[in-house]
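Colleague: Could you walk me through this one? I'm new to reading structures, so let's take it slowly.

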Amino acid sequence: MNDLKFKVLSLKPVSRKNDYFHVKLDNGDKYNFHRSSISQYNIKENQCIENKAIHKALDHTERENIKCKIIVLLSYRHRSKKELKNTFVSKGYKVENVLGVIDELENRKYINDALFTKMMATHLIKEKKLGRYLVEQKLFQHGIDFTVMDPIISSLYKKYPQSKTIMEILNKRNISQKDSLKNKIKTINYLKRKGFHFDDINTIIEGY
């Protein structure tokens with residue numbers, strides 16, 4: 001099939017506001033190609049184009065579309081590579097095109113898992129007041145490697161010590177030595193659910 005050729009009957013801009021062109025072939029097929037795809041694959045009106053070039057141009061157009069959408073998302077906040085991959089694959093884009101764009105943007109420093117980790121970890125530690133275990137689990141869900149997250153999390157916990165956070169939570173819940181064992185256990189379980197280790201929790205409560 002790759003040796004088939006089709007004549008380009010018409011090539012017109014989709015609109016003045018975007019970079020896409022509407023292409024109609026003599027077999028009745030119609031496509032929208034990105035401007036750079038038109039140029040790269042030499043698509044011209046009244047000339048023939050091979051079937052394989054059509055599919056390459058379609059993939060190139062899809063990658064340009066993905067790239068544009070990713071850059072828009074990154075303008076709002078950092079995203080992990082895994083988050084971007086899952087988002088675009090779930091929308092029906094080819095996984096190889098998605099991964100290709102992610103690799104390109106990572107090499108160009110648009111995508112940076114370390115910056116994403118710092119942004120997310122700071123929010124989880126400072127605002128959500130979560131313990132290290134839960135912070136790590138949430139970052140693992142985003143596909144962040146432990147070697148990337150470990151130094152960032154350690155640095156943040158020096159700035160926002162877990163012991164201080166536990167104390168803030170105890171003060172907010174008005175926990176005291178006079179509280180019943182039942183209330184203490186409830187508080188311990190609450191802190192464990194927030195990702196703090198039992199030994200750290202117990203040490204703070206005992207000295208509270």
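Predicted model: local features only at pLDDT ≥ 70, side-chain atom pairs only at ≥ 80, totals over all residues.

Colleague: Okay, then which residues is Asp-113 in contact with, leaving aside its neighbours within four places in sequence?

Modeller: Asp-113 lies in helix α5. Once those sequence neighbours are set aside, what's left for Asp-113 is Arg-79, Ser-80, Lys-81, Ile-144 and Val-148.

Colleague: And how far away is the nearest side chain of opposite charge to Asp-113?

Modeller: That side chain belongs to Lys-81. A salt bridge needs a Lys or Arg side-chain nitrogen within 4 Å of a carboxyl oxygen of Asp or Glu. Asp-113 is buried and has no salt bridge, with Lys-81 away by 4.3 Å.

Colleague: Which elements give two or more residues to the largest nonpolar core?

Modeller: That core has 15 residues, and Ala-121, Ile-125 and Leu-156 are among those with the most contacts inside it. Two or more residues come from each of α5 (113-127), α6 (132-141) and α7 (146-159).

Colleague: What does Leu-156 touch, not counting residues up to four places away in sequence?

Modeller: Leu-156 is one of the core residues with the most contacts inside the core. With the sequence neighbours left out, Leu-156 touches Lys-118, Ala-121, Thr-122 and Ile-125.

How values were computed
Residues numbered from 1 in each chain as written. Heavy atoms only, no water. Core = buried A, V, L, I, M, F, W, Y, C linked by side-chain atoms within 4.5 Å. Buried < 20%, exposed > 50% of the residue type's maximum accessible area, 1.4 Å probe, protein only. Helix = DSSP H or I, 4+ residues; strand = E, 2+ residues; numbered from the N terminus. Contact = heavy atoms within 4.5 Å. Lys, Arg positive; Asp, Glu negative; His and termini not counted.
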